[in-house]
Amino acid sequence: MPQKTESEKSESSFVEMRHIYKTFNKGSVNESVLFTDFSLSVRKGSFVAVVGSNGSGKTTMLNLLCGSIPVDGGAVFIDGSDITALPEYRRSAFIGRVFQDPAAGTCPKLTVLENMSLADNKGGRFGLGRGVNRRRTDYYRTQLEMLKMGLEDRLTVPVASLSGGQRQALALLICAMSPIKLLILDEHTAALDPKSSETVMELTRRFVEEKRVTTVMVTHNLRFAAGFGDRLIMMHKGAAVLDVCGEQKAKLGVKDLTAKFDEISIEVGNSI
């Protein structure tokens, strides 16, 4: 990770997107300008819920933070370090991401034990020796017990045989096994049944609180957006049309968010 410079440090911000520009299909008939001078600042330890209609810029914002796509202009900082030019694989050393697809955060053909062993060695060196450190098995089992899903008794089972909720819980746990500066939750309950969604969200709450990790969660579930985190941002056409935190956020309910969506819909001619 690049070294910080004093001029880049910010006492109030831990994650920053400064004056971001992003256009898709530039120069073609399908050109779409999404971000124009967009800025975002997130304090250390904050849990930010992000909602918005399709095409509002939610997922693109996450991809720019993680380095999945490059910015056209502007800069991205984490903990005062400019990571704008850093490729995605290097950002993964300090950014953990749980995707919407339960299959995306783990290696389905490998066992639970093998997945945890890979995560345990994140950032380390891999040679031609054994990929699994059996001496760490008891530690892995203890970590899995905290999920309260019975996975501690399924260490030798391929991850592909687990339920979606179990895989997402495992993906969260894997994120926790190495120190990260930022946790990205990309619709991580969208593909789950209601009961599994509730379970994973409670695990998320506990994980964020215990690790005190700065978190940005994109979700379409307005109840989760209102009930989790200390800050809520509503995106529309590449801009934050609502940004509340603290007591103001705590007073928000699903009806308030729905009303805001309706207000935007009327303003733009029912286009969302």
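1. Axes here are lines fitted to C-alpha atoms, for helices over the stretch in contact, with angles from 0 to 180 degrees between N-to-C directions. Helices (H or I, at least four residues) and strands (E, at least two) are DSSP runs numbered from the N terminus.

2. A word on the basis: this is a predicted model, where local features need pLDDT of at least 70, side-chain atom pairs count only at pLDDT 80 or more, and totals for chains, interfaces and linings use all residues. Residues are numbered from 1 along each chain as its sequence is written, and side-chain values use heavy atoms, leaving out hydrogens and water.

3. Now the pairings: E1 (residues 15–24) and E2 (residues 32–42) share 7 bridges, with Lys22 partnered by Phe35 in E2. E1 joins E4 (residues 73–78) through 5 bridges. Phe77 of E4 is the bridge partner of Glu16, and Phe77 also stands opposite Asp82 in E5.

4. Finally, the axes of H3 (residues 112–120) and H4 (residues 137–145) come within 11 Å and cross at roughly 100°. That makes H3 roughly perpendicular to H4 (65 to 115 degrees). Their contact (heavy atoms within 4.5 Å) includes Met116 of H3 and Tyr140 of H4.

Conventions
Angles under 35 degrees count as roughly parallel, over 145 as roughly antiparallel, 65 to 115 as roughly perpendicular and the rest as oblique. Two strands pair if DSSP finds at least two bridges between them.
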